[in-house]
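Please look over the structure shown below before reading on.

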Amino acid sequence: MTTAIKETKVIKSINSKEAVTKVDRKDAKLALANLYVAFIALFIGGLCGLLQVLVRSGKFQLPWGIGYYQVLTVHGVLLGLVLTTFFIMGFQTAAISRTCGALSNGQRKLGWIGFWIMTIGTAAAAVMVLLNEASVLYTFYAPLQAHWIYYAGLALVIVGSWILSLAQGLRFVQWRKEHKGQTTPLLSFMVVINNLMWFVCTLGVAAEVLLQLIPWSLGFVERVDVLLSRTLFWYFGHALVYFWLLPAYMIWYVVIPKIIGGKIFSDALARLSFILFLLLSIPVGIHHQLVEPGIDAFWKFLQVVLTLFVVVPSLMTAFSMFATFEMRGRELGKKGIFGWFKNLPWNDCRFLLPFIGMVAFIPGGAGGIVNASYQMNQLIHNTIWVTGHFHLTIATTVVLTYFGAAFWLIPHLTGRKLTQRINHMANTAGILWAIGMLIMSGAMHIAGLFGAPRRSEYSTYGGSEQAAEWISYQIAQAVGGTILFVAIIIIVGVVINLLWYAPKGDQEFPVGEVAEGATKTPAILENFKVWGIILAALILIAYTIPIFEMINGAPLGSVGYPHLIGR
């Protein structure tokens, strides 16, 4: 009898282990649905990006009466919001299913509800942009005004993402109840941290859209407080960058060690870095408003300081990754500081593309320090330098890491295999992307230092001598953008192949193990109540008085600001 019970427990243990080595097939369909939308957005948004740089070169005009800012809005919304949000939701759904086990029927139903709300919202916003009723970039900046359906559509995207995040969180909570006293899977912990940050930060843009922009666009109110509107947006806007970035960090911390045959350097260090990103990503948005009057200098300085503290978890991540690389190199018998470098799997697109992203984040992070610095920001604010910075960080570091993950995630979800031929195509796309972005982003940074404006098309420069100095950099941007679009075509081809044409097989969802001898993870790192209270306190300290002063008038000593702007 006792022996039978022991055998039953062993069988259950084996089955349990098998259940979490793969994403559940029903969960895979939900994850794939999100990835479909993400890569459709990549192609259309990438095409609009190509049209933008061609127009700015002065050698091309948009056909059929299409406006430059219409194309710019499509590019920004599809790549900055739609591609990223849908990919993240798809990846995180798969990650939760892989590490915590299959979602329950109720959790999966919630996920599908969230997906369809996001999709309907995306379609609604897209229709308004196509009708030229919403050529307002993607920053919700008043006094630019869009049709109310555009705002409502993007609000639905946010609400849908909340519901999908809730489904993921409920499965995480269920795992904790089933495994009391155990440390949660690292990857699922990271998913929950990212979702928590996303929910808290989107409250700002939701308040802006629902309380200001929609009533204004419907004509219920005649004026909108621009300073408050921009502050609410940037409460969300800077954390949005980390919502994009943290899934890339998940891949770096948890997946890359497995791909290179190594182990995670430290579970505790990884969790601590994510907690620091949670705490420091939201109460820093005012550093995007350093040149705006109406905000007291003290609050700007405070948020600049908090912004620069984000360097700490970034450096922790860099240390952890290179420690992982070195540990693996030493396992292979390599010696010296850089002996590990030669033995990294350079021919594996699952590693090469994220590694290019890691390298790009070095100059990208340095540029971010310039953007956030109180004095240096005066030089580059609202120039195309900022656009170049975004393309180096988000469009290279983040997106290339996403692509590297997609090339194993999609075949894992579809039951296919990443073949050598597809791997070669993916590597080619990654290298082209790096070359194209080096040319385009480099030209943007240099032109920005010479004062070239952000978001402007070539025709608006006029015939000034300054514009003549910028034109060579605009042509370089067009060259780089063309190379990038070629890379996008290859990537879309790889994705189509992996979805429907690659041979059937079993592609691993790689999840690394923690290195032996690593410090045990302290329980406090999983105490969400503690970190939630600290987060709330930081937000209240950073924003309560500035927003109170905006609502009740500009602070004493500040330059007057035209708060209320109407149509």
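Helix α8 is largely enclosed by the rest of the structure, because 12 of its 14 residues are buried. Here buried means under 20% relative accessible area, exposed means over 50%, and partly exposed lies in between, with a 1.4 Å probe and protein chains only; helices (H or I, at least four residues) and strands (E, at least two) are DSSP runs, numbered from the N terminus. This is a predicted model, in which local features need pLDDT of at least 70 and side-chain atom pairs count only at pLDDT 80 or more, while totals for chains, interfaces and linings use all residues. Residues are numbered from 1 along each chain as its sequence is written, and side-chain values use heavy atoms, with hydrogens and water left out.

**Helix α8**

The helix covers residues 267–280, and its end C-alpha atoms are 20 Å apart, which agrees with the 20 Å that 14 residues should span at 1.5 Å a residue; the expected span is 1.5 Å times one less than the number of residues. Among the elements that cover the buried residues of α8 are α6 (186–217), α7 (226–259), α9 (297–308), α10 (311–331) and α16 (528–552), where contact means heavy atoms within 4.5 Å. One of the buried residues is Arg271, which has 0% relative accessibility and therefore counts as buried. Leaving aside residues up to four places away in sequence, Arg271 touches Thr183, Thr184, Pro185, Leu186, Phe189, Thr521, Leu525 and Glu526.

Where is empty space left? Rolling a probe the size of a water molecule over the atoms shows this. On a 1 Å grid over the protein atoms alone, a cavity is a set of points where a 1.4 Å probe fits but cannot get out, whereas a pocket is an open set with protein on both sides within 12 Å along at least five of seven lines, and lining residues have an atom within 4 Å of a point. Grid points are joined across faces, edges and corners, and a volume is the space filled by probe spheres set on the points.

A search of the whole structure finds three cavities of 30 Å³ or more. The largest cavity is lined by 37 residues, of which His75, Gly76, Leu79, Thr387 and His391 are the closest to its centre. In the second largest cavity, α5 (148–178) gives the largest share of the lining, three residues. The largest pocket has 48 lining residues, with Gly364, Gly365, Gly368, Ile369 and His389 nearest its centre, and its largest share, 12 residues, comes from α11.

In the table, Ala, Val, Leu, Ile, Met, Phe, Trp, Tyr, Cys and Pro count as nonpolar, Asp, Glu, Lys and Arg as charged, and the others, Gly among them, as polar.

| Space | Volume | Lining residues by class |
|---|---|---|
| Largest cavity | about 690 Å³ | 22 nonpolar, 12 polar, three charged |
| Second largest cavity | about 100 Å³ | eight nonpolar, one polar, no charged |
| Largest pocket | about 1100 Å³ | 29 nonpolar, 15 polar, four charged |

**Backbone features in loops**

The peptide bond from Ala142 to Pro143 is cis, with omega near 10°, and Pro143 is found in the loop between α4 (105–130) and α5. Asn132 is found in the loop between α4 and α5, and has a positive phi of about 60° although it is not a glycine. Trp64, in the loop between α2 and α3, has a phi near 55° and counts as exposed at 80% relative accessibility.
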